[in-house]
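Please read them with the structure open.

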Amino acid sequence: MTQDDRKIIFEARGVTKRYGHVVALDGVDFELRAGEVLAVIGDNGAGKSTLTKVLSGAVVPDEGELRLDGAPIRFSSPIDARRRGIETVYQDLAVAPALDIASNLFLGREYRRPGVLGRVFRQLDKRRMRDEAAHYLAELKFRIPSIGSAVEGLSGGQRQGVAVARAGMFASRLVIMDEPTAALGVRESGQVLDLIRSIRARGLPVILISHNMPQVFDIADRIHIMRLGRRVALTTPDRHTMAEAVAIMTGAAPGEHIGHPSQDKA
Amino acid sequence: MLGLKGLNRSASPAAGVTLRRRFGWLSGALATQTFGPLLVLLGFGLVFSLTTSTFLAAGNFSIIAQQCVIEGTLAVGQTVVMLTAGIDLANGAITVLGTIIAARLVSENYAALPALLLAAAACTAAGFASGALISRLRLPPFIVTLGMLGIVTAAARLYSGGQSFPVTDPLLGWTGNGLSFGGATITNGIVLVLVLYAVVWYMLTQTGWGRHVYAIGNNREAARLVGIKVGRTVLSVYLLAGFLYGIGAWLALGRIPNADPNALQTANLDTITAVVIGGTSLFGGRGGVVGTLIGTLIVAVLRNGLTLMEIDPLWQDMVTGVLVILAVATDQLSREARMS
C-alpha cells in the first residue's frame with residue numbers, strides 16, 4: 001500500500017498510561033503518515049480518548065515515547081503541543097459565539113497593526129485578519145454568510161466548521177479532531193467532513209477520533225483500531241468492511257498482530 | 001412604549017445586517033446592540049422635551065452630565081468586569097475609601113498630588129485583591145466582591161473615624177472646575193469621563209486584550225483552549241476596574257467637596273442597572289462601554305426629567321426598575337433565540 005510508505009509525521013511507541021490500577025493505554029503504538037486522514041476507532045474504554053489526550057498534550061504518558069518528524073518530543077500541555085504545530089478540535093463547540101468569524105479564527109493569535117499603532121497602542125490589524133480569514137475559508141471552500149457575522153448566527157455545522165478551519169489554519173504539522181461531528185446532524189456533519197477533506201488536500205495530515213463508522217469509512221485513508229488499551233489492527237476501508245472493523249473493535253474477531261510499521265501487513 | 005422591543009439589541013439578525021451595512025462607519029462604536037438603548041434615550045429625551053419647558057436646555061444637559069460623572073466612571077469598571085461574566089459589588093465602597101484617603105491625608109497637611117496618587121493606588125490594590133481571589137482561587141465574583149464591600153466599607157469608616165473631611169485643596173477639587181458658557185458648565189470631570197470612555201472603548205474594541213475579555217465572557221473554556229491566559233486577563237480586568245474607581249474618587253471629590261464615609265452606598269447596584277440598561281449582558285461577553293454611557297444617561301435623564309415634571313421621586317425608582325427587568329428580559333430572550 002502506498003499509504004504505508006509515506007513519511008511518518010507523528011508517532012507513539014509503547015505508550016502506557018495507568019490511572020491507579022486501571023491501565024488505560026497498554027504499550028500502544030501509533031503512527032500518522034503524511035497527507036492522510038487516520039481514523040482512530042475503538043469501543044468505550046478501549047483507550048481512544050486517553051490516546052487522544054496523550055497525542056494532543058493533555059496527558060503525559062507513564063511510559064513510551066512520542067516522536068514528531070522522527071524526533072522524540074514531550075508535551076507539557078495542549079498549548080505546548082500547539083506551539084509545535086499540533087492543533088486539536090474538540091467535540092463541543094470551542095468558539096466564542098458573540099464574536100465574529102474572523103475574530104474566532106484569530107482568537108488568541110491576533111495580528112497587530114504594523115508600526116507604532118501596533119507596538120505601542122496594541123491596535124489590532126482587523127483588515128488583515130479579515131482578509132486572511134476570508135482567503136483561507138475560500139480556499140477550504142467553506143461557505144459562510146460573511147466573515148464579519150457573529151458565530152452564533154451560524155448553524156451548528158458552520159460553527160464547528162469555524163473551529164475546524166481555525167485548527168487547519170494554524171496547524172503546521174497536523175490536526176487532531178476529537179469526535180468533531182458528535183454534536184451535529186447528518187447534513188451538518190457532511191459540511192465538517194468536507195472541510196476535513198479540504199484540509200487534507202492542502203497537505204496537512206489529520207487524526208480523526210470518531211464513533212461514527214460510516215463517517216470513518218467515508219473519509220479515512222487508514223484506520224487505527226483500539227481495544228483494551230492497545231492497537232489491535234491498522235487497516236484501511238478497502239481491507240476490511242465496516243462489520244469486520246466493528247468485530248475487531250469489540251473482540252469478536254481477532255485483530256492483526258502489529259509490530260513495527262515495516263512488518264505491517266494485511 | 002417606544003422602542004422597547006429593541007431595548008437591548010435589534011429584534012432580528014436581518015435587521016442587524018441592514019443596520020451594519022447602512023451604518024458601517026459606525027460599526028464597533030455603535031454596535032447594533034446599543035441601538036435599542038439609544039432609541040430609549042432619545043425617546044425619553046423627546047418625551048421630556050415635549051412635557052417640560054426646562055428639559056431641553058444646555059444648562060440642564062450640563063447638570064445631567066455632571067450628575068453622571070461618578071457613577072458613569074464606576075459603570076465603566078463595572079462593564080469591563082461584567083463582560084467577563086463577573087460582577088463588582090464593591091465599586092462604591094472602593095471609591096469612598098479613595099476619597100477618604102485623599103481628603104484625610106490632605107487635611108493632615110500632606111501634599112495633594114501624593115495623597116491623590118496614594119488614594120488611586122489603594123483603589124487599584126483593592127481591585128487587584130478582588131481580581132486575585134477571583135482568578136487565582138476561582139472564587140465566585142459575587143461573593144468575593146460582597147466580601148470586599150464589607151471589608152473596604154469598614155476600612156473607610158475606621159480610617160475616617162466615622163467623620164467626613166471637607167475638600168478645600170484645588171487639586172482635589174479640580175474635576176469640579178470647568179468652563180461656563182450660555183448657562184452650561186463643562187467641568188473637567190465631564191471631559192475626563194469622556195476620555196475614560198474613549199480609552200476603555202479603544203481597549204475593548206481595538207486590542208487583543210479586549211477581544212480576550214469578550215471571549216472569556218462568551219466561552220471561558222474555548223478561550224482557555226485557544227491559549228488565552230484567562231486568569232491573567234480576568235485579574236487585569238479587576239485591576240483596571242480598581243484604577244477606574246480611583247479616578248472615580250477624584251471625580252467624587254470634585255463633585256461634592258466633602259469626603260463622606262457614608263457616600264455612594266448604592267453605587268454598586270446603580271452601576272449594574274446602568275450597565276444592564278445599556279445592553280451589556282449579565283452573562284458576559286456581550287455589550288460594551290458605549291451602551292453603558294447610554295445606559296447611564298438613560299437613568300440620569302429619567303431622574304432629571306421626572307423631577308422637572310414634578311413627579312414623586314419614587315416613580316424614578318419604579319421606572320428604572322422596570323427598565324432593568326426589560327433589559328435583562330430582552331438579553332435573555334435574544335440569547336435564547338440565537339443559541340437555538
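Predicted model: local features only at pLDDT ≥ 70, side-chain atom pairs only at ≥ 80, totals over all residues.

1. B:P140 has 12 C-beta neighbours inside 10 Å, so it counts as exposed. B:P140 sits in the loop of chain B between α5 (112–136) and α6 (141–160). From B:P140 to B:P170 the separation is 30 residues in sequence and 41 Å in space, C-alpha to C-alpha.

2. The crossing of α5(B) with α6(B) is right-handed. On the α5(B) side the contact is made by B:A126, B:A129, B:S130, B:L133 and B:I134, and on the α6(B) side by B:P141, B:V144, B:T145, B:M148 and B:V152. By type, eight residues of this contact are nonpolar, two are polar and none is charged.

3. Chains A and B touch through 18 residues of chain A and 19 residues of chain B. On the chain A side, 10 of the residues are nonpolar, four are polar and four are charged.

4. Chain A is divided into domain 1 (1–85 + 172–188 + 201–266) and domain 2 (96–170). Taken over C-alpha atoms, the centres of the two domains of chain A are 30 Å apart. Where they touch, six residues of domain 1 are in contact with seven residues of domain 2. The domain 1 side of this contact holds five nonpolar residues, one charged residue and no polar ones.

5. The largest nonpolar core has 171 residues. The residues with the most contacts inside this core are A:L174, A:I196, A:I207, A:L208 and B:L97. Helix α10 (residues 230–255) of chain B gives the largest share of the core, 14 residues. Domain 1 and domain 2 of chain A each supply at least three residues to this core. Leaving aside neighbours within four places in sequence, A:L174 is in contact with A:I9, A:F10, A:L32, A:I86, A:L204, A:P205, A:V206 and A:I207.

6. Two backbone angles deserve a look. Most residues other than glycine have a negative phi. A:R122 is not a glycine, yet its phi is positive, about 55 degrees. A:R122 lies in the loop between α4 (116–119) and α5 (126–139) of chain A. With 17 other C-beta atoms within 10 Å, A:R122 is partly exposed.

7. A:L228, also not a glycine, has a positive phi of about 50 degrees. A:L228 is found in the loop of chain A that runs between β9 (222–227) and β10 (230–235). A:L228 has 16 other C-beta atoms within 10 Å and is therefore partly exposed.

Technical notes: Residues numbered from 1 in each chain as written. Chains lettered and ligands numbered in written order. Helix = DSSP H or I, 4+ residues; strand = E, 2+ residues; numbered from the N terminus. Buried ≥ 20, exposed ≤ 12 C-beta atoms within 10 Å, placed from the backbone. Left-handed = near helix turned anticlockwise from the far one by under 90°. Contact = placed C-beta atoms within 7 Å. Nonpolar A, V, L, I, M, F, W, Y, C, P; charged D, E, K, R; others polar. Domains from an automatic or database assignment. Core = buried A, V, L, I, M, F, W, Y, C linked by C-beta atoms within 7 Å.
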